[in-house]
Amino acid sequence: MRVVSSTVHLTAMADLQRAQRDLFEAQRQAGSENRADDLLGFGRDAASLLSARGFLSESEAFIGVGKEAGARLSVQAVALEQLQEAAKQVKDTVAGAIGLDRSDELMEGIRQAFESAAGALNVNHAGKYVFGGVRETAPPFTASSLNDVATAAAVDDLFVNAPGKVQLRISVTATVTAAPLADEIGRDFMAVVRRLTDFETTYGPLGGTLTPAERADLQSILGDAGQVMDDIITAASMNGGTQKRVENVVARNEDQQIYYNNLVADVQQADLAEVATRISQAQLQLNASSQIYAQLSRLSLLDYLR
Amino acid sequence: MSLNGVMSGALSGLYASQAGLRAASNNIANVNTPGYARQEATFSARVMGDVTSGVDVDAIRRVTDRFLVSAALNATSGASGAELKAQFLDRAQAMFGDPANGTSLFDDIDRVFASFGELTTDPSSTVRRSNAIADVQTLLGQFDLMSDQLQTLRTEADNRLTETVNRANELIAQIVDLNGAVQRARISGDATGAENLLDNAIEELSNLMDISVDYKTTGAVEVRTGSGVLLAGMTGSTLSYQSPGQAAPGAVFPAITITTSSGSARDLDADLRQGELKALIDLRDRELPALSRQLGELAAHTSEAINAAHNTATSFPPPTQLAGAPSGFRGADPLNVTGGPPATTQIVITDDQGALQHTLTIDFTAQTVTRDSGGAPVVTGYGANTVNGLVGALNTALAATGAGGSATFSADGEMTLTAGGAGRIAVVEPETNAARMGGRGFSHAFALNNLITGPQPLSHTTGLSAASVHGFGATAGEEIGLRLLDRNGRVLAEPTITPVAGQTVAQLLTQLNDPANGVGNYGTFSAPDADGRILFTPGANYPGLEVRVLTDTTVRQGSGGNSFTDMFGIGDAALSGRARDLTVREDILASPATLSLSQIELAGRAVGDVVTGLGDNGGAEALFQASNEQRSFLRPDGRALITTTLRNFAAQTGAEAGRMARSAETTAAGAVSMRTEATERLAATEGVNIDEELIKLTAFQQAYNANSRMLQAVNEMFDTLLSIV
């Protein structure tokens with residue numbers, strides 16, 4: 001086969017350009033640490049990359065939801081503890097009155113317990129009344145004094161929370177109920193308070209030694225108060241259970257986030273060791289092409305025809 | 001033998017050496033001229049009688065090989081077309097953005113659903129609502145922009161087509177001129193100059209289209225298209241192309257026509273196999289529209305997934321009126337309801353605090369409406385089982401509540417539900433047995449609470465059945481013009497269908513599928529499926545058959561005025577136009593509080609109960625999870641459906657854009673290396689080697705010297721002879 005002079009130069013130029021292109025591409029990858037910067041560059045891996053990035057974005061959103069749910073559940077835990085304390089105070093006050101056989105201090109203790117419980121039922125987290133169900137904008141418990149409880153037609157009328165509870169989706173498959181409703185956790189408590197205000201109305205003004213009828217009433221109320229406390233403890237432990245579950249799911253979502261991050265990195269990021277090797281290969285190729293061209297360009301019959 | 005004979009022999013040798021030197025010097029001068037074929041002087045001994053007397057220069061000829069030339073031309077047109085295609089598709093895929101740094105279209109989609117996710121923990125936050133709406137608007141803007149850019153790329157391909165056609169005409173004219181020049185030069189001797197120019201013109205033409213070259217003994221050539229139509233000989237043909245200018249989704253472009261010197265004209269498009277013209281036509285009519293359709297499908301399904309979720313929800317407080325957008329339904333359309341049995345939907349009236357006032361439960365299977373917590377239905381059988389019948393039943397039921405309220409259905413296909421007095425109204429899709437029309441819930445089917453609106457139907461599940469009246473043809477002159485093309489772009493048929501008013505969808509399909517006047521010889525439009533969607537399937541002998549919509553002047557009276565092709569999603573305008581001009585509903589854009597993030601829960605609730613509130617995040621959760629719902633997507637070729645999640649389809653769309661560009665790049669790389677190989681082989685025969693020319697130079701120089709010496713010798717001999725005399 002004949003060798004044509006012009007192609008000697010053209011081929012050498014093409015080799016040089018190819019070597020330069022390889023070097024440029026390797027340097028670009030080393031600089032951005034990404035294998036490519038468009039869909040074409042990722043080729044067949046584009047679908048897995050896009051899909052993994054989608055899942056990554058979703059698991060990040062779930063982690064956000066989970067963390068906010070966690071904060072809300074902590075606030076609820078404090079409120080439920082406060083409610084539990086109030087129930088204990090009611091129980092202790094009634095038991096104290098029976099033990100001392102006097103009713104002088106009774107209503108003062110109940111007032112304090114009521115105020116503490118009302119505060120707990122209307123606890124507000126980030127502008128939301130957490131025990132209000134889907135109606136989070138208004139305080140779910142409307143009585144502000146013992147008198148409101150005493151004069152209400154029914155204890156249930158004092159609760160204006162919505163019957164629907166807020167559900168939070170914390171992963172693709174898991175939803176949790178954000179909070180119990182004010183009437184669920186407060187109704188029985190307020191029923192006991194109402195019995196005590198009725199007690200005051202019936203036997204008041206209170207003071208002095210208990211009559212047998214008063215003592216019998218208080219004994220009955222004490223039984224109810226004990227039950228109320230147990231129920232609130234159950235509600236608090238359920239809240240704690242939800243907290244634990246949210247924590248677990250957040251941890252799982254975080255594991256998933258790490259997994260997808262790794263997956264994205266595997267597809268997206270260039271292997272720097274490999275890039276470094278390619279840079280040196282490309283440099284070698286460039287050097288070799290340059291040297292060969294330098295040699296070839298010196299070979300000509302012209303030099304001998306003198 | 002005379003001294004004169006020796007002298008004339010030596011002289012002919014001098015001339016021959018000069019011819020050889022001239023050829024060598026031309027060759028050396030053109031050593032780097034692309035496409036230059038080296039010259040060679042050919043000699044033969046001059047014979048007079050039986051006596052040899054010097055040398056003759058037979059010809060100065062170009063050293064070339066016609067078979068290699070034709071292989072090189074073929075490879076050239078293949079490579080130039082493939083390179084152009086790869087270049088355009090690379091630009092198209094780059095529009096989707098960088099998938100690695102969070103700026104791609106797909107990141108915009110992810111961001112929308114993540115924003116909905118953030119709203120689930122704090123649905124009452126105005127900031128988060130505004131953020132989510134802004135993210136949706138950004139995404140919709142991105143769809144619009146990309147759709148526009150793809151059309152711009154189509155326009156660019158079309159503009160370039162016009163330029164390329166003009167250049168092809170110039171080259172054809174040049175070839176005709178040079179044919180004459182070569183023939184004249186051949187008679188006078190050296191035609192190599194004109195021949196080189198001719199070859200250059202032919203080579204450039206082969207970049208533009210696939211051609212075959214026929215060499216005549218006179219030195220002239222006949223250039224034909226790959227399919228045999230004469231482009232240039234002693235006379236030339238003319239290509240003409242009238243570009244309509246701007247491309248839009250569904251724009252159908254005219255063909256390039258070729259007019260021979262005798263005046264007969266034909267379409268050239270289907271005759272082209274490769275080269276830039278073919279690549280540009282393919283890009284404009286196939287690859288870029290296919291990407292546009294994919295984008296349209298992605299945009300439409302993203303919007304519809306969001307709308308489906310938004311329609312299951314309500315704002316808080318619920319609105320006093322649900323004013324639907326044009327639904328595509330007519331009042332007289334029968335209700336083809338799936339789901340259940342019994343397929344049900346509930347309409348709920350609350351007060352402005354979200355307390356339940358009334359519930360109307362529509363049982364589409366039994367055609368009854370029941371009020372509040374049960375009891376005997378307030379409506380049994382709603383006259384005709386049509387949209388109007390349902391609206392009448394709803395009015396009766398609303399009146400029965402005593403609270404007033406009304407339902408209307410407009411001549412534009414808009415349903416409106418209004419609560420009476422100070423009441424608020426919402427539609428609740430029950431978790432089980434929810435009624436579905438055209439694959440959508442009741443509220444979604446009538447677009448009562450869409451978040452995203454667009455100018456044309458996003459879903460092509462029409463909810464119509466074969467027995468439904470199609471509703472087209474009310475005005476004279478309504479017609480559907482289709483063009484069927486085979487996979488090479490050859491027009492097979494251009495049927496025009498005139499829908500007859502009052503007929504059914506089945507009758508319209510019979511017209512469409514008619515072998516004589518419709519598409520029947522080449523494929524079939526299917527009967528509507530359960531959701532009212534029709535698909536086109538090409539016949540077994542026509543794989544790759546394409547249906548383009550030339551005109552569609554049909555109007556579905558009383559439904560908002562959709563055309564047949566828009567409604568059923570036939571052709572590019574209906575499919576790819578869906579990515580355009582999408583926007584968040586105006587009132588929601590103006591007031592983020594109207595974003596529907598609450599979902600009314602009726603189980604176990606009685607009248608007076610608060611059934612929804614600002615803290616209700618049921619709707620936000622539905623929006624958040626909308627990207628994980630299974631949906632039926634149109635396959636990229638438009639022939640069948642694939643069921644997958646939006647998230648998955650988005651990833652596949654991106655991968656498809658990347659794959660198209662990658663495959664074009666690989667094809668181009670292959671074609672370019674074929675071209676390199678073919679042109680190198682040709683160059684190996686045609687090209688100049690300096691060392692070879694130097695040797696020839698030396699040889700002719702020596703021959704020249706020797707011939708001169710011969711003349712000198714004869715001269716000396718004459719002198720000697722003369723001195724004797």
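1. Where is the place of A:Asp101 in chain A? A:Asp101 sits in the loop between α3 (46-100) and α4 (106-121) of chain A; helices (H or I, at least four residues) and strands (E, at least two) are DSSP runs, numbered from the N terminus. Its phi is positive, about 65°, although A:Asp101 is not a glycine. With a relative accessible area of 23%, A:Asp101 is partly exposed; buried means under 20% relative accessible area, exposed over 50%, and partly exposed in between (1.4 Å probe, protein chains only).

2. On the basis of this note: the model is predicted, so local features need pLDDT of at least 70 and side-chain atom pairs count only at pLDDT 80 or more, while totals for chains, interfaces and linings use all residues. Residues are numbered from 1 along each chain as its sequence is written, chains are lettered from A and ligands numbered from 1 in the order in which they are written, and side-chain values use heavy atoms, with hydrogens and water left out.

3. A:Val3 belongs to the segment before α1 (5-32) of chain A and is partly exposed, at a relative accessible area of 48%. Between the C-alpha atoms of A:Val3 and A:Gly119 there are 97 Å, for a separation of 116 residues along the chain.

4. Helix α4 (residues 126-188) of chain B has 63 residues, which at 1.5 Å a residue should span 93 Å; the end C-alpha atoms are 91 Å apart, which agrees. The expected span is 1.5 Å times one less than the number of residues. After α4(B) comes B:Gly189, with a positive phi near 130°.

5. Two further backbone points concern loops of chain B. The peptide bond from B:Phe316 to B:Pro317 is cis, with omega near -10°, and B:Pro317 lies in the loop between α6 (276-311) and β9 (321-323) of chain B. B:Gln367, a residue other than glycine, has a positive phi near 55°; its loop runs between β12 (356-363) and β13 (368-371) of chain B.

6. Strand β21 (residues 480-485) of chain B is largely enclosed by the rest of the structure, because six of its six residues are buried. B:Ile480, B:Leu482 and B:Leu484 point one way from β21(B), and B:Gly481, B:Arg483 and B:Leu485 point the other way.

7. What does β21(B) pair with over six bridges? The partner is strand β26 (residues 546-552) of chain B, running antiparallel, with B:Ile480 opposite B:Asp552. Two strands pair if DSSP finds at least two bridges between them. β21(B) also pairs in the antiparallel sense over two bridges with strand β23 (residues 496-497) of chain B, where B:Thr496 is the bridge partner of B:Gly481. Two antiparallel bridges link β21(B) to strand β22 (residues 491-493) of chain B, with B:Leu484 opposite B:Ala493. β21(B) and β22(B) form a hairpin with five residues between them, and B:Gly489 in the turn has a positive phi of about 90°.

8. B:Glu40 and B:Arg61 form one, with the closest N and O atoms 3.0 Å apart. B:Glu40 lies in strand β1 (residues 39-48) of chain B and B:Arg61 in strand β2 (residues 51-62) of chain B, so the pair ties together parts 21 residues apart in sequence. B:Arg46 and B:Asp56 form another, at 3.3 Å between the closest N and O atoms; this pair also joins β1 and β2 of chain B, tying together parts that are ten residues apart in sequence.

9. B:Arg286 and B:Glu546 meet in a salt bridge at 3.6 Å, N to O. B:Arg286 lies in helix α6 and B:Glu546 in strand β26 of chain B, so the pair ties together parts 260 residues apart in sequence. B:Arg286 is partly exposed at 22% relative accessible area, whereas B:Glu546 is buried at 15%. Salt bridges with shared partners join B:Asp158, B:Arg284, B:Asp285, B:Arg286, B:Glu546 and B:Arg548 into one network.

Definitions and conventions:
A salt bridge is a side-chain nitrogen of Lys or Arg within 4 Å of a carboxyl oxygen of Asp or Glu.
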